[in-house]
Amino acid sequence: MAKPAVALTRYQNSLRSLQEAIELCDGFQGLRANDEVLIKPNLVTWSNQFSIAPYGVLTSTRLVHDMVVLLKEFGCEKIAIGEGSVMMEKGVGTQSAFKGLGYEKLSATYGVKLIDLNKSKSTNIQLYEDFSIPVAQEALAADFLINMPVLKTHGATAVSLG
């Protein structure tokens, strides 16, 4: 019997909660230890001048940390975290989010590469005859892409999820 495509678990502030969700939906199916893995969280924006709700808006750094640990336990060594945050003010964007949310420490601790997708070269991907979107080359080159959005309402769409 095929495993469900969606898993729902209660996060108990432990990487084992995330591991349970991954196992329930066979989320690492097709992953190999030597794959280049790209984790794409949802780090909408960041500014030290404005308070941003820590939950329900941005992907929790703890959850991304747990994903990195689980990937390392699986044997993966080529792990990157890629994001393209909105610039609320000139010069304040993805790098500020990485710093403010502790991703630089995560990178130093686990050897994870941080990628500002706003600075990446992109390739236009044709979705329909008259519609294409630019996709960062790092996302296209990754062997395994892990999308970690926040389940929330969204002004431009009905919901944000993955």
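Q: Which residues have the most contacts inside the largest nonpolar core?
A: The model is predicted. In it, this core holds 27 residues, and Phe28, Ile39, Met67, Leu71, Ile81 and Ile146 have the most contacts inside it. Contributors of two or more residues are helix 1, strand 1, helix 2, strand 2, helix 3, helix 4 and strand 6. Helix 2 gives the most, with six residues.

Q: What makes a set of residues a nonpolar core?
A: Its members are buried residues of nonpolar types, joined through side-chain atoms within 4.5 Å. In soluble globular proteins, nonpolar side chains tend to be buried together.

Q: What does Ile81 touch, beyond four places away in sequence?
A: Its contacts include Leu38, Ile39, Val64, Val68, Phe98 and Leu106. A second, separate core has six residues, among them Leu38, Ile115, Ala136 and Ala142.

Q: Which residues are closest to the centre of the second largest pocket?
A: Of its 23 lining residues, Lys40, Pro41, Glu83, Gly84 and Leu117 are the closest. The pocket volume is about 480 Å³. Strand 1, strand 5 and strand 6 each give two or more residues to the lining.

Q: How many residues of each class line this second largest pocket?
A: The lining has 13 nonpolar, eight polar and two charged residues. Pro counts as nonpolar and Gly as polar.

Terms used: Residues numbered from 1 in each chain as written. Predicted model: local features only at pLDDT ≥ 70, side-chain atom pairs only at ≥ 80, totals over all residues. Heavy atoms only, no water. Buried < 20%, exposed > 50% of the residue type's maximum accessible area, 1.4 Å probe, protein only. Helix = DSSP H or I, 4+ residues; strand = E, 2+ residues; numbered from the N terminus. Contact = heavy atoms within 4.5 Å. 1 Å grid on protein atoms, 1.4 Å probe; cavity = no way out; pocket = protein on both sides within 12 Å on 5 of 7 lines; lining within 4 Å. Points joined across faces, edges and corners; volume = space filled by probe spheres on them.
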